[in-house]
Amino acid sequence: MPELTLDLVARYPRPGTAVPGKLSFSPDGKLLTYLHSEEGGLSRVLRAIDVATGAKRVLFAPPGGGVTDRNVSREEALRRERQRLRETGVTHYAWSETGATLLVPLGEEAWAGPEGGLRCVARGAVDPRLSPDGTRLAFVRDGDLFVADLATGAERRLTHDAQPGVTNGLAEYIAQEEMDRFSGFWWSRDGRFLAYEQADDRHIPEYIIPHLGTDAPAFERHRYPFAGAENARVRLGVVPAGGGSTAWMDLGEAEYLARVGWHPDGRLTAQLQTRDQKRLELRAFDPATGKGATLLVEESDLWINLHNDLRFVPETGEFLWASERSGFKHLELRRADGTLARVLTSGEWAVDSVQGFDPKGRRVAFTAANPLTECQVFVVNLDAGEPVRLTKEPGIHQAVFSRDFASWADIHDSRTIPFSVRLRNPDREVHPSAAVDLPLVTPELFAFRSRDGAELFGMLYRPAKLPAPLVVQVYGGPHVQTALDSWLCTVELRAQYLAKEGFLVMRVDNRGSARRGLAFEGAIARRMGTVEVNDQVDGVRFAKSEGWVDGDRVGIYGWSYGGYMTLMCLLKAPEVFRAGVAGAPNADMAGYDTHYTERYMGTPSGNPEGYREASCLTFAERLRGRLLMIHGMLDENVHFRHTARFVNALVKANRPYELLLYPEERHMPRSEKDRRNMEERIVEFFKKSL
């Protein structure tokens with residue numbers, strides 16, 4: 001059996017995870033298409049399996065290797081970073097609604113055509129998208145919106161007012177990084193119009209990021225909206241696809257353009273969010289006049305979590321909606337006027353997301369945290385009956401359905417089973433679980449009660465002998481769950497390597513984390529860095545009470561919010577944590593962006609004491625344990641400024657620290673050499689500290 005080495009720890013993809021990705025059915029349901037590397041690497045090609053026969057074939061292999069981190073523009077590289085996209089080769093594809101045309105973007109080239117006849121149809125094209133009939137391509141170039149005729153190659157420029165700081169058809173930074181919206185334009189269902197976002201961030205001060213590791217000086221300039229400061233000014237317009245003037249929609253006083261789509265009756269819909277994110281309005285606009293009518297309003301005393309679960313029934317105008325009004329995210333059927341027709345799911349468990357929608361058959365498929373540490377697939381009828389569970393095996397399931405639900409694909413994994421893909425109806429294996437020949441321990445799930453009586457779930461990676469020095473792996477922030485029956489937990493190779501070296505590694509999902517309902521998540525409201533720390537401390541105390549931990553030898557590590565949590569645990573519980581590794585830590589909440597930070601904390605002026613208590617800078621003099629901080633100096637998300645400011649605070653307090661910098665990395669290290677160096681430094685740090 002091969003040995004688990006640091007070279008393997010630093011390598012992507014993880015063993016057993018090189019699974020087909022971005023699965024979809026062709027519009028006629030005859031093909032299941034997906035991206036995959038037969039060699040098990042990151043560079044993928046577009047493949048298909050014939051649903052009826054099981055025959056597999058390559059639909060498109062990119063010339064010259066396709067997309068890499070090195071051959072894309074800076075704008076495209078930043079889009080890849082915000083999508084957390086490591087894969088190369090073919091990274092996206094799309095069918096036209098009719099299925100007549102297939103689109104494959106390669107960097108800023110757009111390749112399109114009938115299956116087997118793809119050709120480059122546009123260059124310098126950002127976010128290319130096919131018209132519903134597949135005859136035209138819309139894209140952004142130099143901040144303006146264009147449409148190209150695929151038959152003739154003729155291009156038409158639809159907008160003409162882009163300039164530095166003003167873009168048409170591109171999602172602004174906040175939409176990409178925090179709202180899970182990566183596109184800024186939308187074809188109408190009949191292909192006659194394009195709705196688009198115009199974003200103006202000229203009033204936001206520039207944040208300059210220097211490339212200090214290069215031979216020649218270079219700088220990046222970003223318009224970054226810090227908490228409490230101004231956001232980009234966003235407008236929503238509709239322009240004829242053949243050219244003409246733009247009609248602007250009346251967005252009222254909304255701060256955020258969260259979601260955009262087209263209603264079956266030809267109106268334009270938008271989900272509009274207030275600055276405090278406690279109100280979300282679904283509004284439908286007349287695209288000719290820009291006048292809107294409210295279909296639905298969601299309100300919360302905490303915040304509204306955005307979702308992508310809106311679906312319309314074309315014949316009736318009814319629509320599927322997701323709400324956390326009950327305290328847990330559940331699905332509803334709404335009448336055309338927005339009134340409630342039927343609650344489709346209920347209970348003290350949360351829907352994750354819609355996986356398929358069949359308006360003719362009046363069915364919706366979805367995944368849910370039911371049970372909590374798993375993800376199972378269910379289907380429910382829009383008109384009557386309870387949800388029916390489709391998946392049986394324990395673990396994590398994701399699904400892709402054909403339009404008529406005649407076929408669906410099940411992507412499955414668990415702590416003991418690597419990823420596999422299986423086609424259902426007919427039952428056919430697309431990609432079996434790969435054999436993984438490595439000495440990996442199966443992480444164990446456990447539960448305990450916090451000091452406040454909250455039931456918390458955790459995960460253990462046991463070494464050969466107990467008791468052992470304990471290292472806590474932490475994220476601790478919203479929208480993440482780390483204790484899962486998932487193969488991704490098993491191939492968390494840093495934890496596995498530390499266990500091999502004799503450390504006990506533990507994860508705990510503290511209050512504020514995901515899939516437990518709004519009240520559980522809302523425990524951090526206006527007071528980040530408080531209850532999360534208490535819950536992590538209680539996890540350590542539980543581990544000690546079970547006899548797992550060797551004395552007081554306890555360390556902690558995490559990245560991003562986990563880096564922040566590492567610092568806060570060292571500072572607020574120095575009697576518990578003796579050493580910590582903080583990667584890209586958000587050391588001061590006021591130095592992070594508007595949409596994320598204000599959702600949980602309000603504004604700095606409206607919650608000054610909460611921000612003070614949530615800042616690592618406030619407590620720098622309390623540091624007693626050993627600390628290693630890691631940061632990519634090009635990080636445009638959690639700026640290196642966070643670490644630099646905390647270093648200043650430590651120097652003023654005369655507290656020791658260690659620093660590991662990567663001058664050419666952003667938020668997550670992409671270079672395998674950098675990752676290899678980092679993993680070795682982390683292991684060495686814990687060995688000498690614990």
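## Nonpolar cores

The largest nonpolar core of this predicted model holds 71 residues. Those with the most contacts inside it are Leu-470, Met-506, Met-528, Tyr-564, Phe-577, Leu-627 and Phe-646. Helix H8 (residues 561–572) gives the most to this core: eight residues.

A nonpolar core here is a set of buried Ala, Val, Leu, Ile, Met, Phe, Trp, Tyr and Cys residues joined through side-chain atoms within 4.5 Å. Buried means under 20% relative accessible area, exposed means over 50%, and partly exposed is in between (1.4 Å probe, protein chains only). Helices (H or I, at least four residues) and strands (E, at least two) are DSSP runs, numbered from the N terminus.

## Basis of the model

Residues are numbered from 1 along each chain as its sequence is written, and side-chain values use heavy atoms, leaving out hydrogens and water. The model is predicted: local features need pLDDT of at least 70, side-chain atom pairs count only at pLDDT 80 or more, and totals for chains, interfaces and linings use all residues.

## Two residues and their contacts

Which residues does Leu-470 touch, leaving aside neighbours within four places in sequence? Leu-470 is in contact (heavy atoms within 4.5 Å) with Leu-504, Met-506, Val-540, Ala-543, Val-549, Arg-553, Val-554, Gly-555 and Leu-690.

His-639 sits in the loop between strand S43 (626–632) and helix H11 (640–652). Its relative accessibility is 1%, so His-639 counts as buried. Not counting residues up to four places away in sequence, His-639 touches Tyr-207, Ile-209, Tyr-224, Phe-226 and His-631.

## A four-stranded sheet

Four strands form an open sheet, in the order S6-S7-S8-S9. The pairing is antiparallel. Two strands pair if DSSP finds at least two bridges between them. The edge strands are S6 (94–95) and S9 (119–123), and each pairs on one side only.

S6 and strand S7 (residues 102–106) are joined by two bridges in the antiparallel sense. Ala-94 stands opposite Leu-103 in S7.

## Salt bridges

Side chains of opposite charge can pair when their charged atoms come close. A salt bridge is a side-chain nitrogen of Lys or Arg within 4 Å of a carboxyl oxygen of Asp or Glu. By this rule the count is 59. One of them joins Glu-109 and Arg-123, at 3.5 Å from N to O. Glu-109 lies in strand S8 (residues 109–113) and Arg-123 in strand S9, so the pair ties together parts that are 14 residues apart in sequence. Glu-109 is partly exposed, at 27% relative accessible area, whereas Arg-123 is exposed, at 54%.

Glu-298 pairs with Arg-325, with the closest N and O atoms 2.7 Å apart. Glu-298 is in strand S24 (residues 292–299), and Arg-325 is in the loop between strand S26 (319–323) and strand S27 (330–334), so this bridge ties together parts 27 residues apart in sequence. Glu-298 is buried at 6%, while Arg-325 is partly exposed at 46%. A network of salt bridges links Glu-393, Asp-410, Arg-422, Arg-424, Asp-427 and Glu-429.
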